[in-house]
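Please take a moment with the sequence and the 3D structure shown below, and then follow the explanation that comes after them.

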Amino acid sequence: MASKSQAAQAGQALWSKMPKANAELFALTYGSLVTELVRDYEDPIEVNAQLDRIGHSIGVRCVDEFLSKADVAGMGNATQCQSLRDTADVVAKIGMKMFLGIQAEVGGFSQDQRSFSIYLQDNPLSTFVELPPQGDDQSQSGGDDLRKLKYSNLYCGVIRGALEQVNLKVECSIVRDTLKGDELNEIRVELKEVLADGAGDDYKEE
């Protein structure tokens, strides 16, 4: 695995090769998705679950593109991981930079080295977004319930789906959110299980 600075350079190089979407349009499109889910399900806990599921599907598909572009660019060594620390750096410094153009930081490793945090100062998903302040008299309109909404929970699903494709079963949760007054965004990732290789014997005959 490359050093942190090399990982950051690899992320920047891959980002430069990706097709770009207008940041404002991206944020507004995601906002429309969240709004539609809130209308459909009316329960923010279920909306969180749906965002995680959507993100999981995206993460599963991102891995192939990530690995193929890294290989073509001659950065295969930068994406090879020997430990969970390496994996965390690849997710934060290469993956998030490549697909979102943002620089994330890694820290908060547990003593057993099985969990860590990804810190985001900038969150392109939450541009133009403001959640109802806690304690506002909005109970009839669901304002207080919306405080339970994890607006950017898509990230958790993406990370979960991507790592599942490389045989790491993880749980992700947003533990700090600038939309709720925190100074930064923090995603907590915990390794639950190292899975057996991908498709396995069930698919060999096919």
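**Cysteines and a loop**

At 0% relative accessibility, Cys156 counts as buried, a word used here for under 20% relative accessible area, while exposed stands for over 50% and partly exposed for what lies in between (1.4 Å probe, protein chains only). Cys62, with 16% relative accessibility, is buried as well. The closest cysteine sulfur to that of Cys156 belongs to Cys172 and lies 5.3 Å away, which is too far for a bond. Over the whole structure the search finds zero disulfides, a disulfide being a pair of cysteine sulfur atoms within 2.5 Å.

This is a predicted model, in which local features need pLDDT of at least 70 and side-chain atom pairs count only at pLDDT 80 or more, whereas totals for chains, interfaces and linings use all residues. Residues are numbered from 1 along each chain as its sequence is written, and side-chain values use heavy atoms, with hydrogens and water left out.

Turning to the loop, Gly108 sits between β1 (105-107) and β2 (115-120), where strands (E, at least two residues) and helices (H or I, at least four) are DSSP runs numbered from the N terminus. Gly108 is partly exposed, with a relative accessible area of 39%. Leaving aside residues up to four places away in sequence, Gly108 touches Ser115, Phe116, Ser117, Tyr119 and Arg188, contact meaning heavy atoms within 4.5 Å.

Asp112 also lies in the loop between β1 and β2, and is exposed at 51% relative accessible area. Its side chain is joined to that of Ser110 by a polar contact of 2.5 Å, that is, a pair of N or O atoms within 3.5 Å, of which, within protein, one must be able to donate a hydrogen and the other to accept it, with residues adjacent in sequence counting only if both atoms are side-chain atoms. The side chain of Asp112 also reaches the backbone nitrogen of Arg114, at 3.0 Å.
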